[in-house]
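Please examine the structure shown below together with its sequence.

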Amino acid sequence: MVTLFGVFLLTLLVITAFGIVRAQHLFVAVMLSGIFSLQMAAIFFILDAADVALTEAAVGAGVATVLMLGALALTDDRERGPKRHRWAPIVVVSLTTLMVIYATFDKPRLGDPEAPVHQHVAPWYLEETPQLIDIPNVVTAILASFRGYDTLGELFVIFTAGIGVLFLLANPSKRGARSLLPSAEAEGLRHHLVPRVVGRLLVPFIVLFGLYVQFHGDYGPGGGFQAGALISAGFILYALIEGEGTALRAMSFRVLRAMIAGGAVLYVGVGIAGMLFGGNFLDYSVLADNPIAGQHLGILLIEAGVGLTVTGTLLTVFHAFAAREQRR
Amino acid sequence: MEFLGLYNYWVFAILLMMGLYAVISRANLIKKLLGMTIFQAAVFLLYISMDKVDGGTAPIIQAGAVDQLYSNPLPQVLILTAIVVGIATLSLGLAIVVRISETYGTIEEDEIRKMDEE
């Protein structure tokens, strides 16, 4: 039954992707990409990846769609130019698809416990996590502790992307925080009854759920990445309803910049603290008297760092797009 | 039924190449970015399909459960961070598109190229 549902969802996914590629109207394509992400999240959930499903739903269907629409408002929502079929790309991609499909016949079937991917380090992580770290969620244990270096690198990619967007779009020397106060057309959806009432009702619960996901990530699906995406989705909804100026008064650019940098500094700081206490970089077991308590403390702190940087970056990007739109 | 176990990988191949097609054949820069996200999502699907173990459940250790099978947590960790890195790079790409649009007045690649040649 679950297999059939999976096949159904995957087929829908292909149809949606086809719609995205074909749509001439970019607004339609962006909306379809939101639907695409939601279907993807459902498929991830069927495949036992609860953490990934949560991230994809919050990031892909929520934040990415809003950012895409912000970019469309600044550019052009119609694909121009002659719509001609180019035969060379079609032939190339068709041939490559057939070749990749041919190659899949050598792959182990879905769910095969004997597949090589399940024989290497994964059983070790599953067996040793209860002894070494003692938190139920193995995904969080690997992300924050066993492979903390990888996560640090990824956090810095996000950090760099946030700084890059600020360089490209915001120009603080010309436009102080003053001019970001709401103008007449920047009042959001305040005059629309249904979005205002429903949205205001939802915002506190979205943020609360984000905080729950942040701090419950050791025990259930969740962690800093998911929480950051959820909390920024909550604040973006607030900004859409009340206007960006009001949202910036609640959480100003200065606070957001401090969050981006502070999260990264917190992460590196925890790593250096481990070195000062006599361990290796990002070795949390020396942070407290008991190695397991040290692991818990370290994971809590670096997840907080991840959450801060992700929230700060996503909200900064959103406000950078929105502020540019107002200035035009 | 034997080939049903490969269906995920076939969808991966089709999505991957649909994304690539949008990137190489469309002139519109936002369409290219949308194609890139489809391409990226296909890779996510490949990784997550490999984590599934028959009879397994999400890799959250249940206290007191005996002989419970868990799916592979490692691909999940890789993709979880990759999704968030993906949105960060997408927003950087969109910011560049916005600047291009402000400078050239268009986001169609062929028109931009024509202006550059003049």
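Two residues are in contact if their C-beta atoms, placed from the backbone, lie within 7 Å. The model is predicted, so local features need pLDDT of at least 70 and side-chain atom pairs count only at pLDDT 80 or more, while totals for chains, interfaces and linings use all residues. Residues are numbered from 1 along each chain as its sequence is written, and chains are lettered from A and ligands numbered from 1 in the order in which they are written.

Chain A contains 12 helices and 0 strands; helices (H or I, at least four residues) and strands (E, at least two) are DSSP runs, numbered from the N terminus. Of its 328 residues, 45% are buried, that is, 20 or more other C-beta atoms lie within 10 Å of the residue's own C-beta atom.

The largest nonpolar core has 131 residues. Such a core is a set of buried Ala, Val, Leu, Ile, Met, Phe, Trp, Tyr and Cys residues joined through C-beta atoms within 7 Å. Among the members that touch the most others are Leu67(A) and Leu15(B). Helix α3 (residues 50-74) of chain A gives the most to this core, 15 residues. Because domain 1 (1-107) and domain 2 (137-328) of chain A both give residues to the core, it lies between them; the domain bounds come from an automatic or database assignment.

Which residues does Leu67(A) touch, not counting residues up to four places away in sequence? They are Val317(A), Phe318(A), Phe321(A), Ser91(B) and Leu94(B).

Terms used
Buried ≥ 20, exposed ≤ 12 C-beta atoms within 10 Å, placed from the backbone.
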